[in-house]
Amino acid sequence: MTISLLEQLIDALRVLPGVGQKSAQRMAYHLLERQRDGGRRLADALAESMERIGHCKRCRDFSETELCPTCASSARDAELLCVVETPADRLAIEQATGFRGLYFVLQGRLSPLDGIGPQELGLDLLAQRLEEGEVRELIVATNPTVEGEATAHYLAQLARARGVQPSRLAHGVPLGGELEYVDRGTLSHAFGSRSEIL
């Protein structure tokens, strides 16, 4: 028995976070009833993005080029390196603070139960970067979750072993919260009053 195109569309929309069967149906019907041109633009943008967007070879953020615009900028302070879990976290910090350093995007956090270890987070690449001697401070901006705290501890040890001072975002970000959902004022305050990891 073949699945209809409508069922395939609904099933495809369900890959988005927070989108269940009913939401996917509403979206599919809306696109087909009122937004066919918008649906075509969405399909084109998705296809091109999946094909052309990769990862920056230096920071692992999303990028259409080998080096993202942040890593390629000579106006950034290369002595300050901020480590975040996701591109959304990097964007939240960039928009809420006056941070002018560089970033390293883990694309996750340590979670042995899920099979995510140092290799999956690119920590070998981060270690190489720290060994180059340019980074003076490693700002650990992982989320204040159990896995985020374990990742922060690991990153602090990695930095200290290479003579780099680790620091952690100050408290004020709610425990168990996600950086991309914290309001700008709280995130800006927490980022500005970060402290050394002991």
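Q: Which residues in helix H5 (residues 87-96) are buried?
A: The model is predicted. Helix H5 packs through its buried residues against E2, helix H4 (69-72), strand E3 (77-84), E4, strand E5 (137-141) and helix H8 (184-192). The buried residues of H5 are Pro87, Asp89, Arg90, Ala92, Ile93 and Ala96.

Q: What percentage of the residues of the chain count as buried?
A: A residue is buried when its relative accessible area is under 20%. The chain has 198 residues. Those that count as buried make up 40%.

Q: Is arginine 60 buried or exposed?
A: Arginine 60 sits in the loop between strand E1 (54-55) and strand E2 (62-63). Its relative accessible area is 17%, and the cut-off for burial is under 20%. Arginine 60 is therefore buried.

Q: What is the phi of arginine 60 near?
A: Most residues other than glycine have a negative phi. Arginine 60 is a residue other than glycine with a positive value. Its phi is near 70°.

Q: Where is glutamine 107 found, and what is its phi near?
A: Glutamine 107 is found in the loop between strand E4 (101-105) and helix H6 (123-131). At 29% relative accessibility, glutamine 107 counts as partly exposed. Like arginine 60, glutamine 107 has a positive phi although the residue is not glycine. The phi of glutamine 107 is near 60°.

Q: How many Å separate the C-alpha atoms of glutamate 120 and glutamine 107?
A: Glutamate 120 lies in the loop between E4 and H6, and glutamine 107 is also found in the loop between E4 and H6. The two residues are 13 residues apart along the chain. Their C-alpha atoms are separated by 8.4 Å.

Q: At what angle do H6 and helix H7 (residues 146-160) pack?
A: On the H6 side, Leu123, Leu126, Ala127 and Leu130 meet Tyr154, Leu155, Leu158 and Ala159 in H7. The axes of the two helices are 10 Å apart, and their crossing is right-handed. The angle between H6 and H7 is about 35°.

Q: Is aspartate 44 buried or exposed?
A: Aspartate 44 lies in helix H3 (residues 36-52). Its relative accessibility is 54%, and exposed means over 50%. Aspartate 44 therefore counts as exposed.

Q: How many Å separate the C-alpha atoms of aspartate 44 and isoleucine 93?
A: Aspartate 44 belongs to H3, while Ile93 is one of the buried residues of H5. The pair is 49 residues apart along the chain. Their C-alpha atoms are separated by 30 Å.

Q: How many Å apart in space are valine 182 and alanine 96, C-alpha to C-alpha?
A: Valine 182 lies in the loop between strand E6 (165-168) and H8, whereas Ala96 is in H5. In sequence the two are 86 residues apart. In space, C-alpha to C-alpha, they are 10.0 Å apart.

Q: Which residues does valine 182 touch, not counting residues up to four places away in sequence?
A: Valine 182 has a relative accessibility of 14%. Burial requires a value under 20%, so valine 182 counts as buried. The residues that valine 182 touches are Val173, Pro174 and Leu187.

Q: How many Å apart do the centres of the positive and negative side chains lie?
A: The chain has 22 positive and 28 negative side chains. Its C-alpha atoms fill a box of roughly 60 × 35 × 35 Å along the principal axes. The centres of the two charge sets lie 4 Å apart.

Terms used: Residues are numbered from 1 along each chain as its sequence is written. This is a predicted model: local features need pLDDT of at least 70, side-chain atom pairs count only at pLDDT 80 or more; totals for chains, interfaces and linings use all residues. Side-chain values use heavy atoms; hydrogens and water are left out. Buried means under 20% relative accessible area, exposed over 50%, partly exposed in between (1.4 Å probe, protein chains only). Lys and Arg count as positive and Asp and Glu as negative; His and the chain ends are not counted. The place of a charge is taken as NZ of Lys, CZ of Arg, CG of Asp or CD of Glu. Helices (H or I, at least four residues) and strands (E, at least two) are DSSP runs, numbered from the N terminus. Axes are lines fitted to C-alpha atoms, for helices over the stretch in contact, and angles run from 0 to 180 degrees between N-to-C directions. A crossing is left-handed if the near helix is turned anticlockwise from the far one by less than a right angle, and right-handed if clockwise. Contact means heavy atoms within 4.5 Å.
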